[in-house]
Amino acid sequence: MSRIITSLLFLCSSLLLTSCANQQIKDIVDVSDSPDKEAGLYIQPELGHGHMQSPINIRSFKEKASNGHQITLNYKDEIKAVENLGYTVQLDFKAGSTVSYEEIKYDFKQMHFHTPSEHLVDGMTFPMEMHIVSTTPLKDKNTTPSYLVIGILFKEGKNNKFLDEFLNKIPKAEHTLAPVEIGAVKLGDLLDSKELNDVKNFYHYPGSLTTPPYTQTVQWFVFKHIMEASPEQIEAINAIEGNNARHIQGIFARSVD
Ligand SMILES: [Zn+2]
């Protein structure tokens with residue numbers, strides 16, 4: 001009799017385990033089928049967007065000396081608006097500033113924030129990353145623009161003058177834009193343009209946009225010098241946009257220089 005009970009118990013527990021495993025598989029499948037895969041708890045390795053995705057973990061000890069290519073800024077410090085887009089805080093540049101790299105000229109468009117950082121350095125996440133986005137002019141709707149994005153990492157530390165210039169100007173309502181007077185918010189208060197003009201100050205690699213459609217036509221320049229911002233400043237931005245960092249992606253055949 002006791003043998004029968006033991007067998008029954010064994011059968012029951014294995015049925016339970018199987019159904020658990022099935023449920024787990026179902027959960028994983030459900031997540032990968034959902035439109036927003038990035039938001040899922042179980043992220044399937046998926047290469048639907050290609051092998052040149054961003055962000056990545058930058059291994060600082062592996063980087064090679066830059067092979068002489070140069071970026072050239074033709075930059076007027078003219079920020080015209082601050083936007084609350086719900087998923088990020090964005091500052092818009094007035095048209096006219098450019099950055100050139102390997103004979104391609106990109107127009108400065110906007111900069112925005114991620115909390116925490118998207119790029120990792122030697123496996124370390126930073127509390128905030130700013131992206132300065134520039135693109136090639138769009139000739140027509142069918143061409144894909146090329147992008148040059150400068151990534152600036154922030155650690156917790158001293159109060160940051162540049163962030164103070166716009167933090168109290170961010171509109172409270174989502175999807176709202178507030179114009180700012182030219183000269184009131186100056187990127188020059190954060191970054192020295194001489195430092196920006198020297199490619200040796202960056203980790204460079206080819207990658208993608210970190211938000212849909214994940215277009216793989218981005219020259220990434222992650223600034224090596226880590227900026228400081230106060231915990232309150234970082235929290236103020238995180239309170240608006242939440243955690244909006246994409247997970248790191250495989251490097252595959254790419255190298256960082
Ligand atoms: Zn970004």
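This is a predicted model: local features need pLDDT of at least 70, side-chain atom pairs count only at pLDDT 80 or more; totals for chains, interfaces and linings use all residues.
View 1. His 131 gives its ND1 atom to the zinc ion. The residue belongs to strand S8, which covers residues 128–135.

View 2. Three histidines hold the donor atoms: His 112 through NE2, His 114 through NE2 and His 131 through ND1. These atoms lie 2.0 to 2.1 Å from the zinc ion. Along the sequence the donor residues follow the spacing H-x1-H-x16-H. His 114 and His 131 link distant parts of the chain, 17 residues apart. His 114 sits in strand S6, residues 104–114. With a relative accessible area of 3%, His 114 is buried.

**View 3. Ser 208 in its loop.** Ser 208 lies in the loop that runs between strand S11 (202–207) and strand S12 (218–223). The relative accessible area of Ser 208 is 0%, so this serine counts as buried. Its side chain makes a polar contact of 3.4 Å with the side chain of Gln 53. Beyond four places in sequence, Ser 208 also touches other residues, among them Met 52, Ser 54, Tyr 214, Trp 220 and Arg 246.

**View 4. Confidence along the chain.** Mean pLDDT for the protein chain is 85. A score of at least 70 is reached by 79% of the residues. Residues 11–37 stay under 50. For this stretch the model has 9 contacts beyond four places in sequence.

Note on methods. Residues are numbered from 1 along each chain as its sequence is written. Side-chain values use heavy atoms; hydrogens and water are left out. Donors are N, O and S atoms within 2.8 Å of the metal (3.2 Å for Na, K and Ca); water is not among the atoms, so sites may look incomplete. Helices (H or I, at least four residues) and strands (E, at least two) are DSSP runs, numbered from the N terminus. Buried means under 20% relative accessible area, exposed over 50%, partly exposed in between (1.4 Å probe, protein chains only). A polar contact is a pair of N or O atoms within 3.5 Å; within protein, one must be able to donate a hydrogen and the other to accept it, and residues adjacent in sequence count only if both atoms are side-chain atoms. Contact means heavy atoms within 4.5 Å. pLDDT is the predictor's confidence in each residue, from 0 to 100.
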